[in-house]
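Subject: Structure for your review

Dear colleague,

Please find below the structure that I am handing over to you, followed by an account of what was found in it. I would be grateful if you kept the model open while reading.

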Amino acid sequence: MSDAEIGAGNWRLDWPVSSGTRVASAYLKTAPEDFRVSEVMGEFPEHADSPGLLSVTGEGEHLCLYLEKTGDNTEFVAGALATLTGCRSFDVGFCGLKDRHAVTRQWLSLYRPGMMEDDTALIDQVSERWPVKSAHRSVRKLRRGDHQGNHFVITLRHVSASREMVESALERLKIQGAPNYFGPQRFGFGGANLDHAVHIDPSALNRRGGHGKRRGRGKPGGGRDDRKNVLYFSAARSWLFNEVLASRVADGSWRAPLPGEPDVIATGPLWGDGGTSASGEAGQRERDTVAQTPELAALFMTTRMKPERRTLVVMPEGLSWLWLDDGGLELDFFLAPGQYATTVLSDIFELEDKSLSQHKKQHD
């Protein structure tokens, strides 16, 4: 891809599906209630023992709150909690980012040492904005990926195909799973994050403060530009993974490991310094695929990022479905951290995200 093409929307953002074609189209997120996500944290209680009576369990310096929110994304809520409690923004922890166009329940931690007596009053304050479903004291801050996963209840509207065709595809999904692509939202509108990625100075990522040094606007770990560069770098890494997975889906080899893969299950590369940890046939295929986009591959030549692996298959646990009286299709399943519900559903459905058009109307 030449410099003239960068920014012209030439990035592939829709990859092959497991059966070759999607069996139906459907509307996604017609209303926030049609997309429900509940974060699962095994060691924390998800609900109060009695309705209307919320007690704080556990011990430690961090107060963890299980909030229900609609219309607010995770980072907005984290910032509001920091303001409310007077703590620093990086003293608010969470396990993953949740969409604003949904009804979501997730845990957030607040660093409040020696303030346990004020927990109940704070919970009452927070509950005026977001219902608090449970509370737990912990000895550590919540960090990305600390949760067991997410439970989804998603309702699709205007499903175009027959129930027989859809249910046959869902039965296949239960058995073989779906290609574990990163979702297109990671790459920005039209691949804008990838456009930015090709212009990153890789050495700048190595200069990010990681040992308490203050950079940028006086914040640990770098300023706004540093954070954006990390976002663009992550997008590039994810896109290269998708391209490798797409080549495996195209030839039907995505569900079993190839010779040279370092894992006992089928995995693909999260590219790093030195490229990939695979060797043999798998390693050669991965290098050939990445070499087709030298602008992105160049990012990893000087960046001290260890190559990692990601499974090629996502298996929705406990997948079940129910046809509603109004014609909607309700799907219920669980996914591990780092796996995407829209990726799973997009293997079967051509999805039209109605929240995008609603968002556009609000800003026109």
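I begin with the largest cavity, where α7 provides the largest share of the lining, four residues. Please bear in mind throughout that this is a predicted model. The residues that line this cavity are V244, S247, R248, L258, A282, R285, E286 and T289. Two elements, α6 and α7 (280–291), each give two or more residues to that lining. Sorted by class, the lining consists of three nonpolar, two polar and three charged residues. The volume of the largest cavity is about 40 Å³, and the structure holds one cavity of 30 Å³ or more.

Next, the nonpolar cores. The largest of them has 32 residues, and W239, L296 and L299 have the most contacts inside it. Two or more residues of this core come from each of α4 (192–197), α6 (224–251) and α8 (294–297). Helix α6 supplies the largest share, 11 residues. Leaving aside residues up to four places away in sequence, W239 touches W11, R12, L13, W15, F187, L194, T293 and L296. There is also a second, separate core of 28 residues, and L28, F152, A341 and F349 are among its members.

One further residue deserves a look: is H147 buried or exposed? H147 is located in the loop that runs between β7 (132–138) and β8 (149–156). Its relative accessibility is 7%, and because buried means under 20%, H147 counts as buried. With residues up to four places away in sequence left out, H147 touches E39, V40, M41, C95 and P337.

Finally, some figures for the chain as a whole. The chain contains 10 helices and 17 strands. It has 364 residues, of which 47% count as buried. Among contacts with a separation of 6 or more, 79% are between residues 24 or more positions apart. The accessible surface of the chain is about 17,900 Å², and carbon and sulfur atoms account for 50% of that surface.

With kind regards

Technical notes
Residues are numbered from 1 along each chain as its sequence is written. This is a predicted model: local features need pLDDT of at least 70, side-chain atom pairs count only at pLDDT 80 or more; totals for chains, interfaces and linings use all residues. Side-chain values use heavy atoms; hydrogens and water are left out. A nonpolar core is a set of buried Ala, Val, Leu, Ile, Met, Phe, Trp, Tyr and Cys residues joined through side-chain atoms within 4.5 Å. Buried means under 20% relative accessible area, exposed over 50%, partly exposed in between (1.4 Å probe, protein chains only). Contact means heavy atoms within 4.5 Å. Accessible areas come from the Shrake-Rupley method with a 1.4 Å probe; for residues, only the protein chains shown count as cover. On a 1 Å grid over the protein atoms alone, a cavity is a set of points where a 1.4 Å probe fits but cannot get out, and a pocket is an open set with protein on both sides within 12 Å along at least five of seven lines; lining residues have an atom within 4 Å of a point. Grid points are joined across faces, edges and corners, and a volume is the space filled by probe spheres set on the points. Ala, Val, Leu, Ile, Met, Phe, Trp, Tyr, Cys and Pro count as nonpolar, Asp, Glu, Lys and Arg as charged, and the others, Gly among them, as polar.
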